[in-house]
Every structure is written in structure tokens, then in C-alpha cells.
Amino acid sequence: MASLNPGRLMMARTVEHLSQRQLSELIEHTQHAHIPAAKISRIENGLVECSATDLNRIAAALDYPIEFFNMMSEDLNPLDLTYRRTAKTRISEVNAIVGEYQMLDAAVNKVTNKLGMAHRPSWIDVLAPRQSGPLDILDIDRIAQRTREQLRLESKGAVPNMTRALERSGILVVPMRSMGESSEYKQTSEGVTAPALRKGSPVIGYIRRQVTGDRMRFTKAHELGHLVLHTHHRGLTKKQMEDEAHTFAGAILMPRKDAENTISESTMLSEFVAIKAGWGISISALVMRASALGLISADRKRSLQMQISARGWRKTEPVTVDVEYPLLFKQMLGKAYGHIDSPTEVTVNSFDAVKELGVPFRYLDFWTDGLKAESEQVGVYERRFPDDSDTQMMVMPNDCPTPQDVSMK
Ligand SMILES: [Zn+2]
């Protein structure tokens, strides 16, 4: 019997947002056993061995498979994640995301190996710039065009489905539980990836709650930008990397030529609404893209942004862009541990999947937007996270666009 890897206990605790004391209380309440916080601390620091009995109690209290605690944790430096932080970002938020990303990345790679699938697409390394210092917009436009080729997208026109394009090229796109968990504070980042992790399939995690379809598309394109542009360490600051990824997202979603044919200094706000509908890009992001390409002046940009604010569109923009759902990881799990019933419905043997991947079923279920478990056919129900799907669509008023310009006051 393998023993507990101290790093894994700490990982589970941070993903579940539990202090050592809270874990001790949870064990007390659910397992009627006493493992003091001080002892949990000593176990995590490798100062004492965790007995098999204690390991069982900890695993049961957290509702994690024993296998989770036996696994080695690959060291992922939190700084290798593209998760954007601000002064307001809580450390507990970052720790939970780092922990969940590690769980996810390890699970993806196990399934990839099991299925004998190809790992990291080699074109990323081919396209990845190596020179130090920031890129200009022409460079980024060029790299984005070559990326479109690799994603088998036309060189012109809207990206019909950003998620499917990424998945076709072997990049996994997965909603993450720890992102947007608490709605009372504003999430500092809506996506995460690890460009420096050069082994295994690339994984893009994203926030699923309370985010519109156009925002999610932009987030995925932005994280793709990090994967392509920041695979090699180019001595950039975090801010420079963010700017590059943002420019890349605009460039891949709306190529320069298309933007030049669509937007000019005289484009009215109401026309931006129609462009949004055709391109699946938010009005704010379109204004930024047009400004970055020099298609609108700084004054025009400011004027448009004031109109956007005045109409309350910073919070809720008109036009609903469909939410894209990933399918690749779900289908991989179906192939590895069960069967694919339809492109969107997969049934797995949850016992095997959980044991082999060392991940609680509720995470596999969340990461795949819903997974059926074979055991449920005989009445054994797996625990799942409460459904939050109702929060992701926003209501769009029918009364926009309004053609007349709005007062600037
Ligand atoms: Zn970023």
C-alpha cells in the first residue's frame, strides 16, 4: 500500500478552501474521529507518517479517492500559470486554481497516455517566437494568421467555433470549478494555461459561471495567445504578456484584412452591435481591436467607450453570442472508461475512472459539463457539484440597438 504524499494533502485542502483546523473539524463531524490541526500540519510537512486509518478518514472527509493522496504531484510553479493577478487577488483563489489545474493536467495526461493519443501539437513550438522583448502588432497578426492555418480556419472570416478549432488541434479546453467560485468578488482572470509546461497536451482552463459566450470565446483565444507566444521565456513582464495575449485574441478572432473592410472612423456604435452579432466578439473588444489597428482615432475610441458606458453596456452588452461547449475531454473519458452515446453524451464507469485518475467524480463531471455514470443505472448516485448552468446566460434586451447616438453626459 502506497503512503500519503504530503503535497497531495495540502493540494486537496487548498482546492477545497479548507484550513488545517477546518479539515480537522470536518473529520470530527463526518468521521467522528479526531485528527488535530497540529497533526495535519505535521503530516503535510512530512514530519510524521500518516497512518492508513488516518488516510482513510481524511479521504472520506474530503470525499477524495485514496489514490489521489498516493500520487506524486508534479511541481507546477504558480508563476508558470497565466492566471492574471491584481493587488486584489486573494492568495486562496490562486492556490485553489493552481491545485485544480494540476489535478486537471495530470488527469488529461493520464487519459492521453491511456488512449495513445498524440501529445503537444508540434506547430506551437514552430510558431512560438524566441526573440526577447515585446512583439509589435504586425508580428502578432502574422503569427495569428499562421495559427489560424494550424487550427484549420480560413484565413478570413469569423471563427465559427473557437472551442472546436482548439480541440481539433489537440488543445483541451476545460471549464474549471475554482474559477468564479465566489460571485461576491470579481474574478481577476477568466482563463488559465501553462505555456511553460512543454510535456503533455496543452490544457486551457476557463471560467464558466456568469460569463457570456463572446467573453468565453475571447478568453480561449487569449489563452491560446499565451500558449503560442509565451512558450519560450522572452523576458517579458506580466503586463507585456497580457497585452500580447490580448492583441493575439483580437487578431485570431478578427484578422486585420477583415477588420479593415468592416470598421472605420465613421462606424457607428449601432453598427458595432451588428458586427458583434456576425463575429462573436464583444463590442468593447471590437473597439479595442479597431484602435490597435489604427482604424479609429484615439478620440473616436474614447467617444465610443463613453457611449458604451452611458448605455450600461460595460455590464451587459446587447446581442447574445452562443456559449460554446467543449467536447474533447468528455469524449476522451468516454473512450477510456466507458462509451460515447452521442457527441454530447458520455457514460463512464466512474469507479474505474476515479480510481485510475485519482480525481473525485464531481470534478470529472464539472470538467466535462456533465458525465453519466454507469452505476446510476443501478441506483448508485455519484456526488456532483450543484448545477450552476443557469447563471451563465445573460438576458439580452430586445430594444437594442438604438441607432441614434446617445448623449455623452
Ligand atoms: Zn492572460
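Helices, numbered from the N terminus, are DSSP runs of at least four residues marked H or I. The views below show a predicted model.

**View 1. The end of helix α3 and the residue after it.** G46 follows α3. The phi of G46 is positive, near 70 degrees.

**View 2. The buried residues of helix α3.** Helix α3 is made up of residues 37-44, and I40, I43 and E44 are buried in this helix. These residues lie on the same side of α3 because they cover an arc of only 95 degrees around the axis. The packing partners of the buried residues of α3 are α1 (6-15) and α2 (20-31).

**View 3. The domains of the protein chain.** The chain is divided into domain 1 (1-73), domain 2 (75-253), domain 3 (255-320) and domain 4 (328-391). Taken over C-alpha atoms, the centres of domain 2 and domain 4 are separated by 24 Å.

**View 4. The contact between domain 2 and domain 4.** Domain 2 gives 15 residues to this contact, and domain 4 gives 16 residues. On the side of domain 2 that touches domain 4, two or more residues come from each of the elements α6 (91-114) and β1 (172-175). The largest share of that side is from α6, with seven residues.

**View 5. Residue classes on the side of domain 2 that touches domain 4.** Sorted by class, this side of domain 2 has nine nonpolar residues, five charged residues and one polar residue.

Note on methods
Residues are numbered from 1 along each chain as its sequence is written. This is a predicted model: local features need pLDDT of at least 70, side-chain atom pairs count only at pLDDT 80 or more; totals for chains, interfaces and linings use all residues. Domain bounds come from an automatic or database domain assignment. Two residues are in contact if their C-beta atoms, placed from the backbone, lie within 7 Å. Ala, Val, Leu, Ile, Met, Phe, Trp, Tyr, Cys and Pro count as nonpolar, Asp, Glu, Lys and Arg as charged, and the others, Gly among them, as polar. A residue is buried if 20 or more other C-beta atoms lie within 10 Å of its own, exposed if 12 or fewer, and partly exposed in between; C-beta atoms are placed from the backbone. The arc is that of the directions from the helix axis to the C-beta atoms.
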